[in-house]
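Colleague: Hi! I'm new to this one, could you walk me through how the chains meet?
Modeller: Happy to, have a look first.

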4 protein chains.
Amino acid sequence: MSTAIDRSPEGGPIPRGGGREAIAAAAREVFEQRGYHGASIRDIAKRAGLSLSALYYWHPSKQDLLAALIEENTLDYFRRCDEALASAGEDPADRLRALVKATVEYRVQRQTESNISSREWRNLEPSHEERLAGLRTKASTIWSDIVDAGVEQGIFRCEHPADARRSAQAACNAIAQWFDPSGPVTMEELVDHYTRIVMRIVDLRP
Amino acid sequence: MSTAIDRSPEGGPIPRGGGREAIAAAAREVFEQRGYHGASIRDIAKRAGLSLSALYYWHPSKQDLLAALIEENTLDYFRRCDEALASAGEDPADRLRALVKATVEYRVQRQTESNISSREWRNLEPSHEERLAGLRTKASTIWSDIVDAGVEQGIFRCEHPADARRSAQAACNAIAQWFDPSGPVTMEELVDHYTRIVMRIVDLRP
Amino acid sequence: MSTAIDRSPEGGPIPRGGGREAIAAAAREVFEQRGYHGASIRDIAKRAGLSLSALYYWHPSKQDLLAALIEENTLDYFRRCDEALASAGEDPADRLRALVKATVEYRVQRQTESNISSREWRNLEPSHEERLAGLRTKASTIWSDIVDAGVEQGIFRCEHPADARRSAQAACNAIAQWFDPSGPVTMEELVDHYTRIVMRIVDLRP
Amino acid sequence: MSTAIDRSPEGGPIPRGGGREAIAAAAREVFEQRGYHGASIRDIAKRAGLSLSALYYWHPSKQDLLAALIEENTLDYFRRCDEALASAGEDPADRLRALVKATVEYRVQRQTESNISSREWRNLEPSHEERLAGLRTKASTIWSDIVDAGVEQGIFRCEHPADARRSAQAACNAIAQWFDPSGPVTMEELVDHYTRIVMRIVDLRP
DNA sequence: GATGAATGAGGGTTCATTCAT
DNA sequence: AATGAATGAACCCTCATTCAT
């Protein structure tokens with residue numbers, strides 16, 4: 001239901017807290033809907049219920065805002081992965097199941113953040129890209145470490161672990177693009193489906 | 001027919017044949033590098049070695065240019081798919097192998113076009129989006145028809161065909177994002193790898 | 001007399017010619033009146049009777065506009081000096097008289113340009129400053145060459161040629177700041193007065 | 001009394017005594033380096049080591065800050081002139097020597113202040129300009145009174161006292177623009193040089 | 001087929017200033 | 001005596017687009 005204030009085409013205004021977080025929340029939505037270059041800083045400010053200049057009080061530039069968002073999202077995802085893996089034991093199959101579960105859940109619960117992170121990396125300027133390069137690497141190694149271990153131990157029989165890893169990641173990441181929270185599929189079901197798919201991709205034999 | 005050679009990855013205008021194709025070629029590169037909103041019509045004209053107004057002689061607007069590109073790319077991809085499927089027989093496994101082959105080859109040979117199509121659909125304005133909606137649908141059904149047939153016939157044993165189809169597509173489409181033509185992997189190897197992966201995703205049992 | 005169009009607080013609009021020169025003329029006036037940082041590119045466009053974007057069609061930036069103006073002014077001044085000196089013979093006293101005449105006339109006839117050049121050098125960004133550094137040097141040497149020659153030949157008896165040169169230049173340059181074209185003093189008188197003063201500064205003895 | 005030491009030519013906040021003077025010192029530097037319109041009140045606050053709002057506690061606006069600075073500088077200069085003239089006797093030549101000495105010393109010792117005063121008068125808004133108009137006048141009459149007296153008494157033989165006065169002032173004032181405290185010329189030498197030059201400008205005959 | 005010149009809207013950003021605390 | 005947070009106006013500049021030629 002739209003409010004009297006014309007600031008939000010859908011979902012109502014977002015007065016979730018003081019400046020900094022209100023802006024971040026608004027930026028997440030606008031960046032997701034319009035993309036980095038299609039998003040105007042004025043839209044973000046309006047959506048946040050703040051003036052244009054207030055935005056600059058909290059964030060030095062549109063770029064920094066994007067970089068901050070991406071960094072925050074990525075760290076949040078890693079935190080979830082690390083927690084899941086910490087209680088997953090040593091077995092590569094168990095670890096991979098935990099990683100798939102953490103990833104699918106993140107893609108579903110943090111759909112907006114997932115889409116921003118995957119689409120807008122390319123719009124980071126060199127300085128930020130370099131600063132965050134380590135995160136990109138980790139996003140790959142967190143998967144390949146497990147897949148490689150499983151292959152080494154003979155648990156996963158896929159012949160091309162690199163492509164298997166890329167396929168598994170691509171499949172899980174794509175969820176954020178099409179998942180409809182109001183649709184019939186639950187997150188638990190998705191976790192189940194994608195766990196099976198990924199296990200077949202790496203060719204786990206029982 | 002445009003060749004693989006007429007691509008200049010960085011800098012320098014492209015004094016290809018006549019206006020229309022020069023503009024399309026330039027637009028492909030600029031849209032891929034900067035994204036639709038990040039790309040300026042001036043950049044495209046400059047890259048095409050033409051004046052700004054010449055561009056408007058051939059294309060009525062930036063939007064139309066994008067829509068034309070996406071449509072062209074998609075039709076090209078479908079042509080390849082249709083050809084491959086025409087000579088593939090009736091067996092769902094054979095047909096899926098043919099589709100994977102056509103898709104992987106397209107992602108490798110038409111990397112730029114692939115990336116534009118997947119990234120920039122969202123920047124089509126409603127009128128164009130509606131006009132091209134059928135293409136989007138076909139991009140799914142071309143896969144799901146085969147997967148569903150295979151499942152029905154008991155050839156593919158995957159329990160969740162919709163998710164299997166999405167995973168297979170996501171895996172193949174992602175190739176355009178990371179493939180490095182100067183890297184060690186050949187297209188033929190990729191076709192082989194991804195065929196195996198997709199067959200495992202749909203759970204083909206020999 | 002002000003016109004119906006509200007674009008010029010004084011002096012009426014300046015439709016002296018096509019884009020480029022109209023802008024330069026407007027920029028000269030606005031830069032002189034408000035200084036570089038105090039001048040807004042919008043004011044300049046309005047004064048030139050053009051849109052804001054037309055200005056950018058002709059000049060890539062406010063900085064370039066300033067640099068172009070300064071360069072143009074300075075070259076114009078040097079042209080006058082060179083002509084005057086070319087027909088002045090070898091005698092340092094004659095040459096200095098010619099230089100004073102050329103300078104005073106330029107300060108009077110090109111008052112606006114003179115003031116911009118002297119005040120706004122400091123607002124040139126490094127790249128432009130470096131490019132134009134040679135002009136700055138010449139503006140000094142054109143004077144000091146003559147003064148030094150006169151001192152060497154015993155014609156000028158001033159003990160401190162460097163300070164004499166600086167004083168003479170400062171005196172002549174200041175004219176542009178206070179000269180009132182509607183006042184009682186004519187340019188010819190000024191040339192006469194300042195010639196005498198400069199001759200005394202370098203201590204010419206008859 | 002402020003000393004010559006409390007000047008930090010580049011960078012670093014200035015944690016001098018209390019707010020008011022810290023701000024004035026910072027403003028002097030920033031106004032000199034960037035000019036009134038090029039200077040930002042934020043730069044000044046930062047340089048003063050204070051918050052933006054603290055600056056507004058002490059000075060009601062950027063304009064007032066500029067006016068206060070100019071007034072202070074000018075009064076300081078006049079104080080020095082008056083002291084010098086008070087102990088100079090009645091002879092116009094002696095008085096002129098004293099004025100040159102006081103002026104050159106001020107231009108050298110208060111280079112920043114000199115440059116602000118000469119460059120930024122034009123950026124005073126009408127109300128302040130009117131209030132300080134008397135100071136501008138005095139800056140002229142303090143020189144012309146002496147020159148005129150000398151001419152009347154037949155001590156100075158220059159034919160055009162007004163231009164002589166302007167030239168002398170321009171020569172002395174320019175010192176602040178080029179003087180390099182780390183250079184080879186001492187202030188005492190400069191006083192000597194410029195005294196001779198001014199005496200020749202007014203055509204003192206021994 | 002193609003151009004040079006121009007435009008109005010909007011881009012990101014900085015400004016001097018204010019106000020509750 | 002000083003601050004952090006916020007504002008509206010204005011900044012320089014770039015955008016997609018148009019139009020007479």
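Modeller: One term before we start: an axis here is a line fitted to C-alpha atoms, for a helix over the stretch in contact, and angles run from 0 to 180 degrees between N-to-C directions. Also keep in mind that this is a predicted model.

Colleague: Got it. At what angle do helix H9 of chain C and helix H10 of chain D pack?
Modeller: About 140°, and their axes are 8 Å apart. Helix H9 of chain C covers residues 187-201, and helix H10 of chain D covers residues 187-201.

Colleague: And why are H9(C) and H10(D) called oblique to each other?
Modeller: Angles over 145 degrees count as roughly antiparallel and 65 to 115 as roughly perpendicular, so with their angle of about 140° H9(C) and H10(D) are oblique.

Colleague: Which residues meet there?
Modeller: From H9(C), C:Ile197, C:Arg200 and C:Ile201 meet D:Ile197, D:Arg200 and D:Ile201 of H10(D). That contact has 4 nonpolar, no polar and 2 charged residues.

Colleague: Zooming out, how many residues does each of chains C and D put into the contact?
Modeller: Chain D gives 21 residues and chain C gives 21 residues. On the chain D side, H9 (161-178) and H10 each supply at least two residues, with the largest share, 8 residues, coming from H9(D). By class, that side has 8 nonpolar, 7 polar and 6 charged residues.

Colleague: New topic: how far apart are the closest C-alpha atoms of chain A and chain D?
Modeller: They lie 13 Å apart, and no contact joins chain A and chain D. Chain B and chain D do not touch either, with their nearest C-alpha atoms 31 Å apart.

How values were computed
Residues are numbered from 1 along each chain as its sequence is written. Chains are lettered from A and ligands numbered from 1 in the order in which they are written. This is a predicted model: local features need pLDDT of at least 70, side-chain atom pairs count only at pLDDT 80 or more; totals for chains, interfaces and linings use all residues. Helices (H or I, at least four residues) and strands (E, at least two) are DSSP runs, numbered from the N terminus. Angles under 35 degrees count as roughly parallel, over 145 as roughly antiparallel, 65 to 115 as roughly perpendicular and the rest as oblique. Two residues are in contact if their C-beta atoms, placed from the backbone, lie within 7 Å. Ala, Val, Leu, Ile, Met, Phe, Trp, Tyr, Cys and Pro count as nonpolar, Asp, Glu, Lys and Arg as charged, and the others, Gly among them, as polar.
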